Structures are given as C-alpha cells and as structure tokens.
Amino acid sequence: MSRYTITVTRTASRHSDPDAIVGYDRPLQTFFLQAFPDAGGENLELWLGTDLREFETLSRLRSAAIARGFDFIPLASGILHRLLDDHAREARHAVSDRIIQDLSTRHPPADANPKRK
C-alpha cells in the first residue's frame with residue numbers, strides 16, 4: 001500500500017486539509033483518499049476507496065471526490081508519477097494514458113458532471 005500526503009480542498013468553502021492522504025491499496029486494487037479527520041483524529045469526513053476495485057483510476061477517484069464537494073488537484077507531478085508507478089507495479093490492469101491528461105488540468109473530468117452528457 002502506498003500513502004502520500006496531499007492537500008484536499010472543500011470546493012464550496014475553499015477550506016483545505018494539507019495532511020490528506022492519497023494512495024494505492026494493493027489488496028483492494030483501488031486508489032484511496034482520506035481527508036478532514038475529526039478533532040480526535042479517529043473519524044474522517046472523506047474516505048474513499050474502501051471497497052474492492054472501487055477506484056481503479058485516479059480520474060474516477062477524483063470524480064467521486066468532486067461529487068462529494070472536494071478536490072485534490074493540482075496534484076504534484078512527483079506524487080502523480082509515484083501513484084502511477086505504484087498502480088502499474090501492483091495492479092492487475094494497465095493504466096490508461098487518459099489518467100495523466102485528466103489529472104494535469106484543474107478542470108473536472110468529463111464524467112464528474114453527469115449533466116454534461
């Protein structure tokens with residue numbers, strides 16, 4: 001399992017969590033995102049990627065975060081490349097090049113807004 005510290009922002013209030021965690025969970029074959037712990041640090045307001053193959057791409061993880069009112073872009077290129085390496089090394093499926101394009105822009109991926117079809 002990989003874990004990298006990033007900043008996650010609430011899109012409505014622009015409040016951010018600079019100690020959020022993104023990573024790849026090999027046993028579950030999913031990317032995950034954890035942010036905004038409570039005062040005790042035991043519960044998280046945002047915890048995505050807890051089910052088997054729930055988010056097989058970072059683009060899908062980002063879409064789910066956006067749907068819940070959060071975002072984690074821009075993502076430092078070093079972290080992006082490490083996540084892609086983790087996935088390529090540990091996942092059973094190859095990574096699409098589209099993931100890099102989706103995460104290189106500040107705009108939400110096309111599937112993040114169901115009204116845009």
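## Salt bridges in the model

A salt bridge here is a side-chain nitrogen of Lys or Arg within 4 Å of a carboxyl oxygen of Asp or Glu. The model is predicted.

Arg10 and Glu45 meet through their side chains. Their N to O distance is 2.4 Å, so the pair falls within the 4 Å cut-off.

Arg10 sits in strand β1, which spans residues 4–10. Glu45 belongs to strand β4, residues 44–48. The contact therefore ties together parts that lie 35 residues apart in sequence. Glu45 is partly exposed, at 46% relative accessible area.

## Arg62 and Asp71: a buried pair

Arg62 pairs with Asp71 in another salt bridge. The closest N and O atoms are 2.9 Å apart. Are these residues buried or exposed? Both Arg62 and Asp71 are buried. Each therefore has a relative accessible area under 20%.

## Asp86 and Arg89: within helix α2

Asp86 forms a salt bridge with Arg89. Here the closest N and O atoms are 2.7 Å apart. Both residues lie in helix α2, residues 77–90. They are 3 residues apart, so about one helical turn separates them.

Arg89 counts as exposed, at 55% relative accessibility.

Note on methods: Residues numbered from 1 in each chain as written. Predicted model: local features only at pLDDT ≥ 70, side-chain atom pairs only at ≥ 80, totals over all residues. Heavy atoms only, no water. Helix = DSSP H or I, 4+ residues; strand = E, 2+ residues; numbered from the N terminus. Buried < 20%, exposed > 50% of the residue type's maximum accessible area, 1.4 Å probe, protein only.
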